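Hi,

Here is the structure I said I would pass on to you. Have a look at it first, and then read my notes below.

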Amino acid sequence: MTARRTDLATPRTPRGFADRGGAELAATRAMAERIRAAYELWGFEEIETPFLEYTEALGKFLPDQDRPNAGVFSLQDDDDQWLSLRYDLTAPLARHVAENVQKLPKPYRSYRFGPVFRNEKPGPGRFRQFLQFDADIVGAPSVSADAEMCMMMADALEAVGVKRGDYVIKVNNRKILDGVMEAIGLGGDDNAGRRLTVLRAIDKLDRLGPDGVRALLGAGRKDDSGDFTKGAGLDAAGADRVLSILDAKRPTNAETADALAGAFAETPVGAEGAAELKTIADLLAAAGYDGRVSVDPSVVRGLEYYTGPVFEAELTFEIAGDDGQPIRFGSVGGGGRYDGLVGRFLPENVPATGFSIGVSRLQAALTALKGADAAPAHGPVVVLVLDRDRIGDSMALAARLRAEGVAAEVYLGASGMKAQMKYADRRRAPLVVIQGSDEREKGEVTLKDLIEGAKAAAAITDRSAWTEARPAQVTVPEARLVDEVKAILARHA
């Protein structure tokens, strides 16, 4: 009797991380290629930055403990330098631009695609590693760059299959809200924390509604679980003034921009923000993006480093949830102007604006939008091996298919025909190629269409009838192998 091993490691993924299978990766790759093509149509070029950056380059600085924290995964190098996994794709871009400022064209248009990492508590749908797809323009101070970002995001969503009318790109300007907060006494560095609390409260409008936001603007809010979130501490008049921004929404972009200018230009920064939105509204109208991009005062974005226009991509279509109730995916990306981020590395300020797409969330939305019929593409053609001594013949058949651009593999296990067919099913093979000794002597191959065969078999209840019919199976001359396989694949394209 073989002794049972006791030194086996437990196979498990770390909390907040997940493996991704071939079908999901293929769908993500196809979506990313469409986004990539949309960005390149606008003149953006791809760059790749390392997963690791010096911690100080990410804007995270060593606290009083032994290692950096505040949401990043960090390690100490052998030269005592702290390194961190990137938590977004924007901070590494700022470092890249500053490091290559003399060589890059200005303005500099770039896009990046890849994983980012957050050292945060994981939860349902909340992972510590996820994909982002970013595009940025660095070195363009005019809000025409912000308008272009919004237009390009609209084009990207349509490129991946979201129909016009099923999404909206919302744009606002943080300067308007900054002006309001200055007017109600929340200006200056001493109130930076309270201003951020106000921003994050408004950013939760879709989830909490006006009453929930009002509570967070005031003393605080207790959620359904009993947890209490401390608010910004505004009095009723201050909360009313902040919430009045939401009342400025009008039927058209131009009307909304005018309403914001009329109601929130009491401070220089507020007037500047309203004027910038008016310019953006004019540019959207001139380029034909009215309706696709909407000036919307409810958009604020919760990050502190935004300095001007902010934008958000929202999906507006509804699908039925597991309980039959309609649900919306909502935001699948956002961004804005961050004129101070690159300037952390350089003596002069460098204007910048950018947008980030949450790849996993957008992919989930597309899957729901297309429904169950949007099954992943089929796998490779599988060439069965009925005679181990003649596996070279099977390899030759597969090679002929691959030479003509057909994905094909030879079964390399040691099992018989039944197990090989089961293997082909698991590989999502659209068909199998069979050549036993009889077919080989006649110079023939048998092709079994697994997709059509499954449909036919489901309609045949009598075993003898199934055996006699051999659904979706055809024997052809070996010389016709590639043509016949391509014909079957074309039927299922």
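Let's start with the aromatic rings: this predicted model holds ten aromatic pairs.

Phe317 and Phe329 make another tilted pair, with 6.4 Å from centre to centre and 45° between the planes. Here Phe317 comes from strand E11 (residues 309-320) and Phe329 from strand E12 (residues 326-337), so the parts tied together are twelve residues apart in sequence. Both Phe317 and Phe329 are buried.

There's also a cluster to look for: ring pairs link Tyr39, Phe44, Tyr111, Phe113 and Phe133. And if you go to Phe345, you'll find the charged end of Arg344 sitting over the ring, 5.0 Å from its centre.

Next, have a look at Asp134, which is found in strand E6 (residues 129-138). Is this residue buried or exposed? Asp134 has a relative accessible area of 2%, and buried means under 20%, so Asp134 is buried. Which side chain does the one of Asp134 meet in a polar contact? That would be Ser356, at 2.7 Å. Leaving aside neighbours within four places in sequence, Asp134 is also in contact with several other residues, among them Tyr39, Tyr111, Arg112 and Phe355. Tyr39 and Tyr111 are names you've already seen, as part of the ring cluster.

Last stop: helix H7 (residues 236-243). Gly238, Ala239, Val242 and Leu243 are buried there. Why do these four count as being on the same side of H7? They cover an arc of only 130° around the axis, which puts them on the same side. On the other side of H7, Ala236 and Ala237 are exposed. As for what covers the buried residues of H7, that includes helix H4 (174-183), helix H5 (192-202) and helix H6 (205-217).

Definitions and conventions:
Residues are numbered from 1 along each chain as its sequence is written. This is a predicted model: local features need pLDDT of at least 70, side-chain atom pairs count only at pLDDT 80 or more; totals for chains, interfaces and linings use all residues. Side-chain values use heavy atoms; hydrogens and water are left out. Helices (H or I, at least four residues) and strands (E, at least two) are DSSP runs, numbered from the N terminus. Buried means under 20% relative accessible area, exposed over 50%, partly exposed in between (1.4 Å probe, protein chains only). A polar contact is a pair of N or O atoms within 3.5 Å; within protein, one must be able to donate a hydrogen and the other to accept it, and residues adjacent in sequence count only if both atoms are side-chain atoms. Contact means heavy atoms within 4.5 Å. Rings of Phe, Tyr and Trp (its six-membered ring) pair if their centres lie within 6.5 Å; planes under 30 degrees apart count as stacked, over 60 as edge-to-face and the rest as tilted. A charge sits over a ring if NZ of Lys or CZ of Arg is within 6 Å of the ring centre and within 35 degrees of the ring normal. The arc is that of the directions from the helix axis to the C-beta atoms.
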